[in-house]
Amino acid sequence: KRLLVVLMVVACAGCASKLKAKGDVDAGVDEDLTHSGKFGSKSLGDGVTETVVDASSDSESQRFDLDSGEAVSEDEGWDLAFNRYFINTNGGVDGSGGVELAALEGQQFADVTQAPSDGFAMDQPDGDGDTNTMPDNAFDNGPQAWFDYDEMFHSLTPHDTTYVVHSTEGAYFKMHIVNYYDKAGNPAQLRFDWAKIDPPAS
């Protein structure tokens, strides 16, 4: 399915115009965000942060450190890297930081206060569960990507899934991807909520 998504979203030249900006880029800018590199963040209260990343570059990933809440370079302690609709973790085949990810199906973001004791995965070499030769990303593990792709409108909609990220510094953060588009409809402007949570029960 990953190959199918890649072919439909990236390789389809006829869809390209619909995956490009739909409106005025400036109209999608949230003025009350505090910026760090291509990331902008603001507090939503109760320890929750909303972050928006401009991941529209086709050639450059934007890396984020959850522990500091800031943009970082490739040789620093990054946790997540964003490039268009690809989200990589700094673990497994994509990095040496030991970052792990768990997808908590059916659990609401607000209800998650403690990390699970199992269910974590790193970015892995390509396996037999798909038909491509790309690494199996922890956000796109087997048939379950983090988004649904609408073939008619050529748009991405995040699944209502809460993720837990085990960071490079050993902390745990919950994460919920809110949107792939900004307020003006421009793509690759990922908006996600995140917050530090308790470690697994010992």
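# Notebook: strands, sheets and cores in a predicted model

I began with β12, where six of the eight residues are buried, so the strand is largely enclosed by the rest of the structure. By buried I mean under 20% relative accessible area, with exposed meaning over 50% and partly exposed in between (1.4 Å probe, protein chains only). Strands (E, at least two residues) and helices (H or I, at least four) are DSSP runs, numbered from the N terminus.

**Ground rules.** I note that this is a predicted model, in which local features need pLDDT of at least 70 and side-chain atom pairs count only at pLDDT 80 or more, whereas totals for chains, interfaces and linings use all residues. Residues are numbered from 1 along each chain as its sequence is written, and side-chain values use heavy atoms, with hydrogens and water left out.

**Confidence.** I looked up pLDDT, the predictor's confidence in each residue from 0 to 100, and found a mean of 85 for the protein, with 81% of its residues at 70 or more. Over residues 1-27 the pLDDT is below 50, although this stretch has 49 contacts in the model beyond near neighbours in sequence; a contact here is heavy atoms within 4.5 Å. Where pLDDT is low, the predicted coordinates should not be read in detail.

**Overall make-up.** I recorded two helices and 13 strands as the secondary structure of the protein. Of the 202 residues, 47% are buried, and the protein exposes about 10000 Å², of which carbon and sulfur atoms supply 48%; these areas come from the Shrake-Rupley method with a 1.4 Å probe, and for residues only the protein chains shown count as cover. Among contacts between residues at least 6 apart in sequence, 55% join residues at least 24 apart.

**The seven-stranded sheet.** I then traced the open sheet in which β12 sits, whose order is β1-β2-β3-β13-β12-β11-β8 with antiparallel pairing; two strands pair if DSSP finds at least two bridges between them. Its edge strands, each pairing on one side only, are β1 (34-36) and β8 (100-104). Neighbouring strands are turned by 30° against each other on average, direction ignored, with axes taken as lines fitted to C-alpha atoms (for helices over the stretch in contact) and angles running from 0 to 180 degrees between N-to-C directions.

Going strand by strand, I found seven bridges between β12 and β13, which run antiparallel, and here Y172 has I197 of β13 as its bridge partner. The hairpin of β11 and β12 has five residues between the strands, and G170 takes a positive phi near 85° in it.

**The four-stranded sheet.** A further open sheet has the order β5-β4-β6-β7, also with antiparallel pairing. I listed β5 (70-72) and β7 (86-89) as its edge strands, each pairing on one side only, and the twist averages 35° from one strand to the next. Strand β4 (residues 62-65) is joined to β6 by three bridges, and Q62 has F82 as its bridge partner in β6.

**The cores.** Which residues touch the most other members of the largest nonpolar core? Of its 30 residues, they are F82, F139, W146, M175, Y180 and L190, where a nonpolar core is a set of buried Ala, Val, Leu, Ile, Met, Phe, Trp, Tyr and Cys residues joined through side-chain atoms within 4.5 Å. The elements giving two or more residues to this core are β6 (80-83), β9 (147-150), β11 (162-166), β12 (172-179) and β13 (189-197). Another core, of seven residues, lies apart from it and includes A102, V112, A115 and V164. Looking at F139 by itself, and leaving out residues up to four places away in sequence, I found that its contacts include L80, I87, L101, W146, Y163, M175 and I177.

R84, in the loop between β6 and β7, has a positive phi of about 55° although it is not a glycine, and R84 is buried, with a relative accessible area of 14%. H154, in the loop between β9 and β10 (155-158), likewise has a positive phi, near 55°, and counts as buried at 14% relative accessibility.
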